[in-house]
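Here are a few friendly notes on the two ligand sites, written to be read with the model open beside you.

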Amino acid sequence: MTQHQSSTLSVPEVRAVPRHVAIIMDGNGRWASKRLMPRVAGHSEGLSAVRKIVEECRRIGVEYLTVFAFSSENWRRPPEEVSFLMKLFLKSLKGEVSRLADNDISLRLIGDLSRFDLAIQEMVKFSEEKTANCKKLTFTIAANYGGRWDILQAMRRCLIANPNLKADDVTEELLQPHLSMSYAPEPDLFIRTGGEQRVSNFLLWQLAYTELYFTDILWPDFDVSELHKAFDWFRNRERRFGRTSAQIAAEPMSDAV
Ligand code: IPE
Ligand code: IPE
Ligand code: MG
């Protein structure tokens, strides 16, 4: 497996269109409450927003899109809401997988899936296999995912793979292949809808040098034009990765469009 460049070990290539976009889709409950609808109606509406954003990312050449669907802390919600989300998850996997395959989009799940019903686990396996050879976009859903869980499970797997590992020998290169997103470059752009400015235990390791974009728009209202606002904002960031502006100005021009 190819090991992706680490933003802390070397300076990654900068492109005008982000290679990897990671999104916290927040604000579904408030979207519904504002309309005097039950919170779960916001989750159903949020699914339509996901479809449009996946399609647009594919169209403009984003290579990896990762969305946070259910955090390791979302089990704390009322049981009715959790069970609705589980049903919606299963239903949407069943409903969308063929369309993803037809559009050359590969689907990956990250998170501790062992806590989900067997029906979900089987559907995930089927969906990942069915889309495994798709190349245009890798669409990752984070479900029962937590950034701390990810680092811990990576450390555990790293120790299993290297049983004689000494503390001094633990390196990024050894750990990275065990992180759940080892197949993807680190996100270039993080988007959080819904007004909160926090990471809520999303990709803690991987967001080290990601540009963070926050918008008050509630997730069901986040459409293609809002996505382009985030891309426009991203294009104007100076990604220094620890260096100075003068160093970046002196660099040869990148041929990225
Ligand atoms: C995000 O929307 C979806 C999930 C966490 C599953 P919320 O359900 O958190 O919506 P708000 O933040 O309560 O409005
Ligand atoms: C983050 O949203 C998780 C998802 C969108 C799946 P939350 O609504 O759970 O985050 P907090 O609780 O406001 O930080
Ligand atoms: Mg929320």
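**Notes on the ligand sites**

1. Ligand 1 sits in the largest pocket. The elements that contribute two or more residues to its shell are α1 (28-34), α2 (39-60) and α3 (79-102). Please keep in mind that this is a predicted model.

2. Which helix gives the most to the shell around ligand 1? That is α1, with three residues. In total 13 residues surround ligand 1, and the closest are D26, G29, R30, R39 and R77. By type, the shell around ligand 1 holds three nonpolar, five polar and five charged residues.

3. From a side chain, an N or O atom of R39 is 2.9 Å from an oxygen atom of ligand 1. The protein covers 87% of the 380 Å² of accessible area that ligand 1 has on its own.

4. Ligand 2 also sits in the largest pocket. Residues around ligand 2 include D26, N74, R77, R192, R198 and S200. Strand β2 (residues 64-71) gives the most to this shell, with four residues, and the shell divides into five nonpolar, three polar and four charged residues.

5. How far are side-chain N or O atoms from oxygen atoms of ligand 2? For S200 the distance is 2.6 Å, for N74 it is 2.9 Å, and for D26 it is 3.2 Å. Of the 390 Å² of accessible area that ligand 2 has on its own, the protein covers 78%.

Key
Residues are numbered from 1 along each chain as its sequence is written. Chains are lettered from A and ligands numbered from 1 in the order in which they are written. This is a predicted model: local features need pLDDT of at least 70, side-chain atom pairs count only at pLDDT 80 or more; totals for chains, interfaces and linings use all residues. Side-chain values use heavy atoms; hydrogens and water are left out. A residue is near a molecule or strand if one of its heavy atoms lies within 4 Å of it. A polar contact is a pair of N or O atoms within 3.5 Å; within protein, one must be able to donate a hydrogen and the other to accept it, and residues adjacent in sequence count only if both atoms are side-chain atoms. Accessible areas come from the Shrake-Rupley method with a 1.4 Å probe; for residues, only the protein chains shown count as cover. On a 1 Å grid over the protein atoms alone, a cavity is a set of points where a 1.4 Å probe fits but cannot get out, and a pocket is an open set with protein on both sides within 12 Å along at least five of seven lines; lining residues have an atom within 4 Å of a point. A molecule sits in a cavity or pocket if more than half of its atoms lie within 2 Å of its grid points. Ala, Val, Leu, Ile, Met, Phe, Trp, Tyr, Cys and Pro count as nonpolar, Asp, Glu, Lys and Arg as charged, and the others, Gly among them, as polar.
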